[in-house]
Each structure stands twice: as structure tokens, then as C-alpha cells.
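Please keep the sequence and the model in view while reading.

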Amino acid sequence: MKTTIEPEEALTGVLTLEGVGKIGLDLLVTFESGTHYIRCLNFGIMSSGETIEECKENIREAIEIYLNDLSEGESLFKACGRRYWEMFYRKRSGLQSEWNFRAQLQARGMQASQNQVSRSLRGLCRLAGLS
């Protein structure tokens with residue numbers, strides 16, 4: 001059975017770490033199989049909740065636990081997979097699907113081939129450091 005993942009929110013926050021400074025965090029809220037999930041895309045961690053607000057509270061706690069459990073010298077960043085970054089940037093830019101992307105281009109009198117759509121998505125992933 002294939003599960004549908006529906007992106008609901010693409011959020012950006014700031015985490016301030018003593019001795020490190022401010023770090024931008026990208027968070028993706030999705031709805032899957034009747035549950036809300038939130039992923040911290042930069043750290044590769046996830047939490048869930050019955051509501052989006054509960055997800056946000058739970059991811060704060062999950063990030064705190066994640067940071068406390070890091071070993072000395074261990075990399076802070078363990079990015080989520082490309083699939084979630086693509087959802088994040090589509091949601092952030094208002095593009096829900098390649099079809100929607102094409103529809104928006106056509107509304108502006110432009111056309112896009114499959115290769116152009118793929119290149120655009122790869123470009124967004126490069127911006128996120130996932131190339």
C-alpha cells in the first residue's frame with residue numbers, strides 16, 4: 001500500500017547555540033496516514049503529533065535531545081533525504097507538484113519540459129546543499 005505524504009507547512013527557524021552562534025533550521029510538516037509529522041531537515045530528525053502545534057512542541061524537545069546526545073566532534077548536520085527537501089522547497093515556493101509548476105508556467109505563457117522541471121528541482125536542492 002502506497003502512503004501519500006501531503007506537505008502542510010515549510011518553516012524556517014533560528015537556533016542559537018552557545019559557542020557556535022545562530023543556525024538556520026528548515027522544518028517540514030507533513031500529513032501521513034492520519035498523523036502529522038515534522039522533520040528538521042538539517043539534522044535529519046523527526047517527531048509527530050495529533051496537531052501541527054503539537055508537532056512543533058515535540059520537535060523542539062527532539063532537537064534538544066539530539067543536541068545533548070551528540071558526541072564530541074560529531075557532525076551537527078545530518079540532512080534528511082532529497083525527497084523531503086524537494087517537498088520543502090515546493091511548499092515554500094507554492095509549488096505542490098510538477099503539474100502545478102507547469103500550470104503556473106503556462107498561466108504566464110511559458111512552457112516547461114520534464115527536463116526543465118527536473119533541473120529546477122535539482123537547483124533548489126543544490127541551494128539546500130543536497131546536490
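## Terms and basis

In sorting residues by type, Ala, Val, Leu, Ile, Met, Phe, Trp, Tyr, Cys and Pro count as nonpolar, Asp, Glu, Lys and Arg as charged, and the others, Gly among them, as polar.

The model is predicted: local features need pLDDT of at least 70, side-chain atom pairs count only at pLDDT 80 or more, and totals for chains, interfaces and linings use all residues. Residues are numbered from 1 along each chain as its sequence is written, and side-chain values use heavy atoms, with hydrogens and water left out.

## Overall make-up

The protein chain holds four helices and four strands. Helices (H or I, at least four residues) and strands (E, at least two) are DSSP runs, numbered from the N terminus. Read from the N terminus on, the order of elements is β-β-β-β-α-α-α-α.

Of the 131 residues in the protein chain, 37% count as buried. Buried means under 20% relative accessible area, exposed means over 50%, and partly exposed lies in between (1.4 Å probe, protein chains only). Among contacts (heavy atoms within 4.5 Å) between residues at least 6 apart in sequence, 41% join residues at least 24 apart.

## The largest pocket

Two or more lining residues come from each of strand E1 (5–17), strand E2 (21–32) and helix H1 (52–69). E1 gives the largest share, five residues. By type, the lining has eight nonpolar, two polar and two charged residues.

## Leu15

Which strand holds Leu15? Leu15 lies in strand E1. Leu15 counts as buried because its relative accessible area is 17%. Leaving aside residues up to four places away in sequence, Leu15 touches Gly21, Lys22, Ile23, Leu25, Phe43, Ile63 and Leu67. The C-alpha atoms of Leu15 and Leu25 are 6.9 Å apart in space, with the two residues 10 apart in sequence.

## The sheet

Four strands make an open sheet in the order E1-E2-E3-E4, with antiparallel pairing. E1 and strand E4 (45–49) stand at the edges with a single partner strand each, so one side of each has no neighbour in the sheet. On average, neighbouring strands are turned by 25° against each other, direction ignored. Axes are lines fitted to C-alpha atoms, for helices over the stretch in contact, and angles run from 0 to 180 degrees between N-to-C directions.

Two strands pair if DSSP finds at least two bridges between them. E1 and E2 pair in the antiparallel sense over 12 bridges. Within this pair, Thr16 has Lys22 in E2 as its bridge partner, and Gly13 stands opposite Leu25 in E2. The antiparallel strands E2 and E3 are joined by six bridges, and Phe31 stands opposite His36 in E3.

## Turns between strands

The hairpin of E1 and E2 has three residues between the strands, and Gly19 there takes a positive phi near 80°. The hairpin of E2 and E3 has two residues between its strands.

Ser33 sits in the loop between E2 and strand E3 (35–40). Its phi is near 50°, a positive value in a residue other than glycine. Is Ser33 buried or exposed? Ser33 is exposed, because its relative accessible area is 60%.

## Helices and the Gly94 loop

Helix H2 (residues 82–93) lies across E1, E2 and E3, and runs at about 95° to E1. Gly94 is placed in the loop between H2 and helix H3 (98–107). With a relative accessible area of 35%, Gly94 is partly exposed. Gly94 and Ala10 are 84 residues apart along the chain, and their C-alpha atoms are separated by 9.9 Å.
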